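Biologist: I am new to this structure and would like to learn how to read its features. Could we start with how helices pack?

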Amino acid sequence: MAIVAEISSASEILTGIFTESGFAGFVNDPRQLIMMVVACFLLYLGIGKKYEPLLMVPIAFGMLMANFPGTDLLSDSGLVHYFQMGVNLNIYPSLIFLGIGAMTDFGPLIARPSSMLLGAAAQFGVFSAFLLALALGFDPNVAASIGIIGGADGPTAILVTNKLAPEYLPAIAIAAYSYMALIPMIQPPLMKLLTTEAERKIEMKQVRVVSKTEKIIFPIAVAIVVILLIPDTAPLIGMLMLGNLFKESGVTDRLSDAAQNALTNIVTIFLGLSVGAKAVATTFLTVQTIMIICLGLLAFMLSTCGGLILGKIMCKVTGGKVNPLIGSAGVSAVPMAARVSQIEGQKANPKNFLLMHAMGPNVAGVIGSAVAAGFLLKVFGA
């Protein structure tokens, strides 16, 4: 009898351990297991395929942590809750822009101001996807957040969505960063579709050398003009231009180095974990999420097409002096989009060196996406 009692007691203990474990949670809500599988797939993309790993890995791991049953990571006293305050207060996106500014050379844009037009044209997808989302029945605030995916700028998408439609932040952020990572796969077919081989072979002349004074004046002037015009751009444009001023002034090397490296790396970890941890099964596995991801892809493709089409127009107007491939770099993904323009240009003509020419529209796209975000916040953020 004693042996039977011991076996029964051991069985009760094991049963108790299982019922209190996270495994039992999958029985109650299998959606959490699905989300963990999705998180592992994103980790594979980030680590195995190297798709935007610096953000994909922390986002995916944050998603994994958020969907462990039985933890208090997301409670008001949990670890992730405190990390997410930086997202909720819109601190992280602005700090990321500070780092981007410190890493960005606006020289190609200053040397060829017409590049700003390509950066503006590449925002076509933002407003097209916004209108389509409205037509599909999304609330205007949600539609604006979906549209901003077309800017191919993760921090901007996070800031806009957190203010306008925070419940959709995980889907929009993951879509934005995923499409940024997939630029080498998404853009080339569109580039070949919308340009001729002759256009892709066009060699562009070297742009003029930009003086140090111009590079110092540029971030100050842009900050003054853009923020006065659209005050809601201040958090992004202000930090972007401050970071660039650190880089170009020549007297704040330590601040520039900190913004480019230590600060950006730390904020990236917190931002990725915070965004991923918002992707809980109850809110992520919905029809709306699938629609958002599809609309985000369409927005990104239309933005690429907008830049390419204006690039073709500029090619005609200038008598063939502009290679339209640089128009696809008008999206905000720096410097990946510019590299894709370079790669596709060299495929058509091995003597082609489009990288620095494409960097003009590329950095213009960063400004353009911030301006588009400010406009949407101005209209729908009240």
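Modeller: Axes are lines fitted to C-alpha atoms, for helices over the stretch in contact, and angles run from 0 to 180 degrees between N-to-C directions. Two packed helices are described by the angle between their axes and the distance between the axes. Helices are DSSP runs (H or I, at least four residues), strands are runs of E (at least two), and both are numbered from the N terminus. This is a predicted model, in which local features need pLDDT of at least 70, side-chain atom pairs count only at pLDDT 80 or more, and totals for chains, interfaces and linings use all residues. Residues are numbered from 1 along each chain as its sequence is written, and side-chain values use heavy atoms, with hydrogens and water left out.

Biologist: At what angle do helix α16 and helix α21 pack?

Modeller: The angle between α16 (residues 234-249) and α21 (residues 355-380) is about 155 degrees, and their axes are 9 Å apart. That makes the two helices roughly antiparallel; the cut-offs are under 35 degrees for roughly parallel, over 145 for roughly antiparallel, 65 to 115 for roughly perpendicular, and oblique for the rest.

Biologist: Which residues of α16 and α21 meet?

Modeller: Contact means heavy atoms within 4.5 Å. From α16 come L236, I237, L240 and M241, which meet V366, I367, A370 and A373 of α21. The residues of this contact divide into eight nonpolar, no polar and no charged. Here Ala, Val, Leu, Ile, Met, Phe, Trp, Tyr, Cys and Pro count as nonpolar, Asp, Glu, Lys and Arg as charged, and the others, Gly among them, as polar.

Biologist: Is S115 buried or exposed?

Modeller: Buried means under 20% relative accessible area, exposed over 50%, and partly exposed in between (1.4 Å probe, protein chains only). S115 has a relative accessible area of 1%, so S115 is buried. S115 lies in helix α8 (residues 115-121). Leaving out residues up to four places away in sequence, S115 touches L109, G360, P361 and A364.

Biologist: How does Y82 count, by its relative accessibility?

Modeller: Y82 counts as partly exposed because its relative accessibility is 48%. Y82 is found in helix α5 (residues 79-88). Y82 and S274 are 192 residues apart in sequence, and their C-alpha atoms are 8.9 Å apart in space.

Biologist: How many helices and strands does the protein have?

Modeller: The protein has 21 helices and zero strands. Of its 382 residues, 53% count as buried.
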